[in-house]
Amino acid sequence: DDPDPQFFWLCFADDRRRVDYVLVYHCKRRQSQHRLSVVSNGNVPSQSPTPSRRSTKGDILEAVLEAGLAMEPANELQDKIREEFERGLQEEGLEIEHDKEVCMRTVRFTRLHVPWPVLSREAELLKIRVPTKKTYQLKEKMGLMGVISTFWTKINQPFQPQDPRTRVLSQPFSRDKLHLFDIKSKNSLFSNAIRGRIVYEILRRTACTQTCQTMGIASLLAKGVYDSAFPLHDGDFDSSEDKEHRNDRQMLHEEWANYGACYKYQPMDLIRKYFGEKIGLYFAWLGVYTQLLIPASALGVAVFLYGCLTVDTNVPSQEMCDERLNFTMCPLCDRVCDYWQLSSICSTARTSYLFDNHATVGFAIFMSLWAAVFLEHWKRRQRCLQHSWDLTGMEDDEVRKSPKHFRILET
């Protein structure tokens, strides 16, 4: 299947295979004393000790090429480790593309693509849930609860993001039951988050046993063999004029990562689709925490305003600020310190009353109850998301090793 047009510039050189992961490393080039000037018309002039320069007429451009132009790794051992690691990735089924052009930069990129056979195999091993062709609709509430639910939905309508939600039944992926799944295109069946997760699983379990006894991309990053490893975004985040063909990143930028949408609820389904379940649950927790902080912050402001309105009636503050009473306090230390007036700390006393007044006791009781309500509310919200995202059957992450890797570790 051909990729979508929006992914063309995120593909390999053939404009067909998508880039699912990128590995980055640095190289150093060998310095050489031999210099060769190449003129734009193809002539090779004689060597000159003077440096190359641009012609004043602007029609002849000289470039200096060094004889040691070929990029060589700073460490030959790291080069061998990379070759063995990438050979192991190819044995796992990943397709690799390196930088073809010879350039002067020291940063190199290795692009990875996971083909459909590997994608389907790993999705079945990881038991990734895929939408089926069956859809369902939730029953509308009837009676008084239905009226209340309809009224509440209309009130919250301006605060809801444009997050298209389709209620579908999902099942763990199986290559033997492809006819049951809603497969419109093999390239769009799995989201970028799932494709990146599958590639990372392969990167995590690929071992290097000949050059060094290490396993996984994390160890290679720690050793400096690679500088970074990451998946790519879905193109540019600037919204296109065609609203119907926006990618997920553009929708997130408009409905979530934008100050103009700060009053709306978070598009949790879209966040989960783009970043995965773990990041989605984190932002869901952050949204619940921020939402419940609204009544706590409102009550805190009310307590502060109460202190501002009653600070002039506070007897201890009035006595400390009245210079006519002439309260003389003992020295704070021996020999060096002198006697001091109690009225000198008037501003400190008035300021402390703003935050510590009679209403603070009620605010403290409210915050103790608020903590319990927040914890129970988040548990309920988490269970709802787990049911909605089909995470109820997920177990804790564990290290998955094939029999081949068990034999490697035993040896």
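The expected span of a helix is 1.5 Å times one less than its number of residues. By that rule, the 30 residues of helix H11 (residues 359-388) should span 44 Å, and the end C-alpha atoms are 42 Å apart, which agrees. The model is predicted. A search of the whole structure turns up 1 disulfide and 16 aromatic pairs. The largest nonpolar core holds 33 residues.

**Helix H11**

- The buried residues of H11 are Thr-360, Trp-370, Phe-374, Trp-378, Leu-385 and Gln-386.
- An α-helix has 3.6 residues a turn, so residues three or four places apart point the same way.
- Helix H8 (277-310) and helix H10 (346-355) are among the elements that cover the buried residues of H11.
- Cys-384 is partly exposed, at a relative accessible area of 42%.
- Just after H11, Asp-390 takes a positive phi of about 60°.

**Aromatic pairs**

- A pair of aromatic rings is described by the distance of the centres and the angle of the planes.
- The search of the whole structure gives 16 aromatic pairs. One of them joins Tyr-282 and Phe-283 edge-to-face, 5.1 Å centre to centre with 70° between the planes.
- Tyr-282 counts as partly exposed, at 46% relative accessibility.
- Tyr-289 and Trp-370 also pair: their ring centres are 6.3 Å apart and their planes lie at 65°, so the pair is edge-to-face.
- This pair links distant parts of the chain, with Tyr-289 in helix H8 and Trp-370 in helix H11, 81 residues apart.
- Tyr-289 is partly exposed at 30% relative accessibility, whereas Trp-370 is buried at 13%.
- Ring pairs also build a cluster from Trp-256, Tyr-274, Phe-275, Tyr-282 and Phe-283.

**Helix H1**

- The 17 residues of helix H1 (residues 76-92) should span 24 Å at 1.5 Å a residue; the end C-alpha atoms are 25 Å apart, which agrees.
- The buried residues of H1 are Ile-81, Arg-82, Glu-84, Phe-85, Glu-86, Gly-88, Leu-89 and Glu-92.
- Arg-82 places its charged end over the ring of Tyr-25, 4.1 Å from the ring centre.
- Gly-93 follows H1 and has a positive phi, near 115°.

**Nonpolar cores**

- In soluble globular proteins, nonpolar side chains tend to be buried together.
- The largest nonpolar core has 33 residues, of which Phe-85, Leu-89, Leu-112, Phe-190 and Leu-203 touch the most other members.
- At least two residues of this core come from each of strand S1 (21-26), H1, H2, helix H4 (192-205) and helix H5 (217-223).
- H4 gives the largest share of this core, 5 residues.
- Apart from this core lies another, of 17 residues, including Met-251, Ile-271, Trp-389 and Leu-391.
- Leaving aside neighbours within four places in sequence, Leu-89 is in contact with Leu-23, Leu-94, Ile-96, Leu-112, Ile-202, Leu-203 and Thr-206.

**Cysteines**

- A disulfide joins Cys-333 to Cys-337, with an S to S distance of 1.7 Å.
- The torsion about this S-S bond is about 95°, so the disulfide is right-handed.
- Cys-333 is partly exposed, with a relative accessible area of 31%.
- Cys-337 also counts as partly exposed, at 30% relative accessibility.
- Cys-308 is partly exposed as well, with a relative accessible area of 33%.

**Loop residues**

- Lys-127 lies in the loop between helix H2 (116-125) and strand S8 (129-135).
- Phi of Lys-127 is near 55°, a positive value in a residue other than glycine.
- Lys-127 counts as exposed, at 62% relative accessibility.
- Leu-325 sits in the loop between helix H9 (315-321) and strand S13 (328-329).
- Leu-325 is partly exposed, with a relative accessible area of 41%.
- The C-alpha atoms of Leu-325 and Leu-342 are separated by 9.4 Å, and the two residues are 17 residues apart along the chain.

Methods:
Residues numbered from 1 in each chain as written. Predicted model: local features only at pLDDT ≥ 70, side-chain atom pairs only at ≥ 80, totals over all residues. Heavy atoms only, no water. Disulfide = S-S within 2.5 Å. Buried < 20%, exposed > 50% of the residue type's maximum accessible area, 1.4 Å probe, protein only. Helix = DSSP H or I, 4+ residues; strand = E, 2+ residues; numbered from the N terminus. Contact = heavy atoms within 4.5 Å. Phe/Tyr/Trp six-rings, centres within 6.5 Å; stacked < 30°, edge-to-face > 60°. Lys NZ or Arg CZ within 6 Å of the ring centre and 35° of its normal. Core = buried A, V, L, I, M, F, W, Y, C linked by side-chain atoms within 4.5 Å.
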